[in-house]
Amino acid sequence: IVDVASAADDFDVLVAAVQEAGLVDALNGNRQLTVFAPTDAAFDDLGVTADNVGDVDFEAAVGASLAEILTYHVVPGRRKEESIVGEDRVPTLNGAKVAVDGTDLNDGQAEIVATDISASNGFVHVIDGVLRP
């Protein structure tokens, strides 16, 4: 999954955040996962860039650590769009659930804008916002 994001042009902040949080191995293993991947523009609201991700106090900004935020974007299992948008809530590796209303996540925190990007260990769904646990 990290390799897919690294190869794309619009996920520099996400890749830097995953590296900063020490989650690369967790997302690149054999475990099947589905990731809601915020674009670089999605991080603009938080003032986060690939260059400053290690300097941002996420606890102060959104009330959760970087690792908590990132694991809130990861759903266990290999789930295509139809198995996500048909649910009311989906569980995350963070332990909390993301509210789903079609392609809207957490009452407008993000919209799913591209789906079913296949990785060797799951799927990536591109979102236009950063989900807050």
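Two strands count as paired here if DSSP finds at least two bridges between them, and the elements themselves are DSSP runs, numbered from the N terminus: helices are H or I with at least four residues, strands are E with at least two. With that in hand, a hairpin takes E6 into E7 through two residues.

This is a predicted model, so to speak of a local feature takes a pLDDT of at least 70 and side-chain atom pairs count only at pLDDT 80 or more, while totals for chains, interfaces and linings use all residues. Numbering starts from 1 along each chain as its sequence is written, and side-chain values use heavy atoms, with hydrogens and water left out.

**View 1. The open sheet has seven strands.** Reading across, the order is E2-E1-E7-E6-E5-E4-E3, with mixed pairing. Strand E2 (74-76) and strand E3 (89-91) sit at the edges with a single partner strand each, so one side of each has no neighbour in the sheet. In general, strands of a sheet pair through backbone hydrogen bonds, either parallel or antiparallel.

**View 2. E7 pairs with both E1 and E6.** Look for Thr34, which stands opposite Phe123 in E7. On the E6 side the pairing is antiparallel, over five bridges, and there Ile112 faces Ile127 in E7.

**View 3. A charge sits over the ring of Phe123.** The charged end of Arg78 is 4.4 Å from the ring centre; to qualify, NZ of Lys or CZ of Arg must be within 6 Å of the centre and within 35 degrees of the ring normal. As for ring-on-ring pairs, a search of the whole structure turns up zero aromatic pairs (rings of Phe, Tyr and Trp, the last by its six-membered ring, with centres within 6.5 Å; planes under 30 degrees apart are stacked, over 60 edge-to-face, the rest tilted).

**View 4. E5 and E6 make a hairpin.** Strand E5 (residues 104-105) and strand E6 (residues 110-119) are antiparallel, joined by two bridges. Leu105 stands opposite Ala110 in E6. Four residues lie between the strands, and Asn106 takes a positive phi near 50°.

**View 5. Thr71 is buried in helix H5.** Helix H5 spans residues 66-71, and Thr71 has a relative accessible area of 18% (buried is under 20%, exposed over 50%, partly exposed in between, using a 1.4 Å probe and protein chains only). A polar atom of the Thr71 side chain lies 2.9 Å from the backbone oxygen of Ala67. Neighbours within four places in sequence aside, Thr71 is in contact (heavy atoms within 4.5 Å) with Leu23, Thr92, Leu93 and Asn94.

**View 6. The largest nonpolar core holds 29 residues.** A nonpolar core is a set of buried Ala, Val, Leu, Ile, Met, Phe, Trp, Tyr and Cys residues joined through side-chain atoms within 4.5 Å. Leu14, Val18, Val48, Val53 and Leu70 touch the most other members. Helix H1 (2-7), helix H2 (12-20), E1, H4, H5 and E7 each give two or more residues, with H2 supplying the largest share, six. Apart from it lies another core, of twelve residues, including Val90, Ala110, Ile112 and Leu131.

**View 7. Val48 and Val56 are in contact.** Beyond four places in sequence, Val48 also touches Val13, Phe43, Val53 and Phe58. Val56 belongs to the loop between E1 and helix H4 (58-62) and is partly exposed, at 21% relative accessible area.

Technical notes
A polar contact is a pair of N or O atoms within 3.5 Å; within protein, one must be able to donate a hydrogen and the other to accept it, and residues adjacent in sequence count only if both atoms are side-chain atoms.
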